Amino acid sequence: MRYIFYPFFPIRTNIASVCITVVIFLLSGISAAYSQEKALPSQWDLQACIDYALENNIQIKQSEANKETGLVDTKLAKAAMLPSLSASIGQNLTNYPFSQEDTSSGTSTLSTSGSYSLNASWTIFDGGSRITGIKQAELNNRIADLEIEESKNNIKLAIIQNYLQILYANEALKAYEDAVELSKAQLESNKIKLSVGSVAKSDVSQWESQYAADNYNLVNAQTTLENYKLQLKQLLELDRLDSMDLALTPPDEEDVLSLIPDKQTIYQTALHVMPQISNSQLNTEYAQLGIEKAKAGFYPTVSLQANTGTGNLYNHSGYSFGSQLKNNWNNVVGLSVSIPIFSNRTVKSAVEKAGINVYSSQLNELSIRKELYADIETAYLNTLASQAQFVAAEEKVKYSRESYDVMNEQFTLGLKNTIEMLTEKNRLITAQQELLQAKYMALLNIKILEYYQGLI
């Protein structure tokens with residue numbers, strides 16, 4: 001936070017002017033801090049979106065808060081190794097209604113007593129339960145770090161997918177805009193031809209219908225693009241009213257057809273860089289420590305106690321308060337051993353459950369590895385298929401464009417009718433949309449494979 005300082009005050013001033021100056025100083029600092037917090041990139045490209053989300057996403061902040069809780073638990077586990085110390089003070093009022101000392105008067109006798117002590121306790125041996133607890137707490141901290149990384153990776157992947165959807169919707173929108181302009185031009189041309197009697201009214205009606213349909217598709221494309229932009233703002237924790245200048249640069253063909261490593265290489269890399277793999281391994285270690293902690297219940301617990309204290313009693317002693325405290329002062333040191341003999345199978349059941357947890361953790365680790373391989377294999381096959389579809393779609397668009405141009409020339413010369421022309425135009429639009437779909441599916445799966453390699 002950068003503060004704005006006002007180092008030069010007038011030599012002669014009063015309290016009111018000083019207070020006003022201080023208020024201006026504080027408000028300036030708060031305003032500067034708020035402006036810095038709300039500072040947004042001038043233009044949003046993919047990397048800017050990812051960087052901003054990593055700093056402001058609520059799920060990531062929640063994961064970081066969970067880590068802080070784990071650090072507190074670790075301190076608590078380590079503090080259990082230390083002795084405890086407590087003080088106690090007690091004051092009692094005792095009534096003796098039938099005291100033999102005061103039966104003649106018929107009144108009760110009251111006695112006041114007090115006790116004051118300082119107590120210490122230290123568990124010397126507990127079968128290693130506390131030491132194991134410290135190890136588990138430290139493992140939890142490492143698991144929390146990996147969960148933060150998982151949250152970051154999830155938000156990265158979500159933003160990449162959404163950003164590519166925006167690029168796709170933007171290109172699709174331009175294609176529909178071109179289709180609308182083309183239909184509009186044909187409609188105006190046919191209206192002129194109708195006025196001179198060279199075409200029938202039905203031809204104009206067909207072009208009007210096509211123009212309306214293209215406008216409908218254009219509106220849907222605009223709505224889709226705005227929805228994707230809104231989803232991106234939500235991922236970035238931005239207000240929907242915040243302005244957002246997106247860098248909508250279409251990717252190059254080289255990006256779409258870039259070479260990818262074989263899936264086995266990607267999988268081996270993912271095993272070392274994906275946090276969920278390390279997380280599952282640490283959870284297995286945590287469960288194995290649970291067996292050691294449960295077995296500690298079979299061992300005795302050895303504790304050392306010490307206390308010092310004194311007390312006093314009124315109405316039943318001729319000694320003064322100070323004398324009583326001195327005479328009643330005592331110090332005690334003791335050693336206690338608690339030996340478990342029969343615990344109704346509590347400890348044995350805890351050990352068995354801990355063993356089941358280990359087995360469950362191992363199965364979960366295996367499941368995560370298999371799921372990771374399946375995801376990589378799916379993305380790998382989708383990438384190859386999408387790249388092949390992209391190459392085929394490029395050829396289809398090329399020949400559809402040539403066919404449309406020929407059809408347009410023949411239509412202009414009156415050799416083709418309106419239905420044939422509309423059919424060829426819709427074929428071209430369909431081919432363009434298929435090209436866009438293959439293009440961005442290939443890009444998305446390439447990005448997913450880069451994600452699994454830790455390159456994003």
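**Close-up views of pockets and helix packing**

**View 1. The second largest pocket of this predicted model has a volume of about 220 Å³.** The model is predicted, and the residues of this view belong to several parts of the chain. Lining the second largest pocket are Asp45, Leu46, Tyr163, Leu164, Leu167, Ala247, Thr249, Pro250, Pro251, Leu443 and Lys447. At least two of the lining residues are supplied by each of H4 and H11. H4 accounts for the largest share of the lining of this pocket, with three residues. By class, the lining of the second largest pocket comprises eight nonpolar residues, one polar residue and two charged residues.

View 2. Three helices, namely H4 (129-195), H10 (346-412) and H11, each contribute at least two residues to the lining of the largest pocket. The largest share of this lining, seven residues, is provided by H11. Eight nonpolar, one polar and seven charged residues make up the lining of the largest pocket.

**View 3. Helix H5 (residues 201-235) packs against helix H11 (residues 418-452), their axes coming within 10 Å and crossing at roughly 15°.** Because angles under 35 degrees count as roughly parallel, H5 is roughly parallel to H11. The crossing of H5 and H11 is right-handed. On the H5 side, the contact is formed by Asp203, Gln206, Trp207, Gln210 and Asp214, which meet Thr418, Ile419, Met421, Leu422, Lys425, Asn426 and Ile429 of H11. Sorted by class, the residues of the contact between H5 and H11 are five nonpolar, four polar and three charged.

**View 4. Helices H4 and H5 approach with their axes within 8 Å and cross at roughly 160°.** Because angles over 145 degrees count as roughly antiparallel, H4 is roughly antiparallel to H5. H4 and H5 form a left-handed crossing. The contact of H4 with H5 contains 21 nonpolar, 12 polar and eight charged residues.

**View 5. Tyr228 is a residue of helix H5.** Leaving aside residues up to four places away in sequence, Tyr228 touches Asn162, Gln165, Ile166 and Ala169. Tyr228 and Ile166 are 62 residues apart along the chain, yet their C-alpha atoms are separated by 5.8 Å.

**View 6. H4 packs with helix H8 (residues 275-295) at an angle of about 165°, their axes lying 9 Å apart.** By the cut-off that places angles over 145 degrees in the roughly antiparallel class, H4 is therefore roughly antiparallel to H8. The crossing of H4 with H8 is left-handed. The residues of the contact of H4 with H8 comprise seven nonpolar, 11 polar and eight charged.

Key. Residues numbered from 1 in each chain as written. Predicted model: local features only at pLDDT ≥ 70, side-chain atom pairs only at ≥ 80, totals over all residues. Heavy atoms only, no water. Axes fitted to C-alpha atoms, helices over the stretch in contact; angles between N-to-C directions. Helix = DSSP H or I, 4+ residues; strand = E, 2+ residues; numbered from the N terminus. Parallel < 35°, antiparallel > 145°, perpendicular 65-115°, else oblique. Left-handed = near helix turned anticlockwise from the far one by under 90°. Contact = heavy atoms within 4.5 Å. Nonpolar A, V, L, I, M, F, W, Y, C, P; charged D, E, K, R; others polar. 1 Å grid on protein atoms, 1.4 Å probe; cavity = no way out; pocket = protein on both sides within 12 Å on 5 of 7 lines; lining within 4 Å. Points joined across faces, edges and corners; volume = space filled by probe spheres on them.
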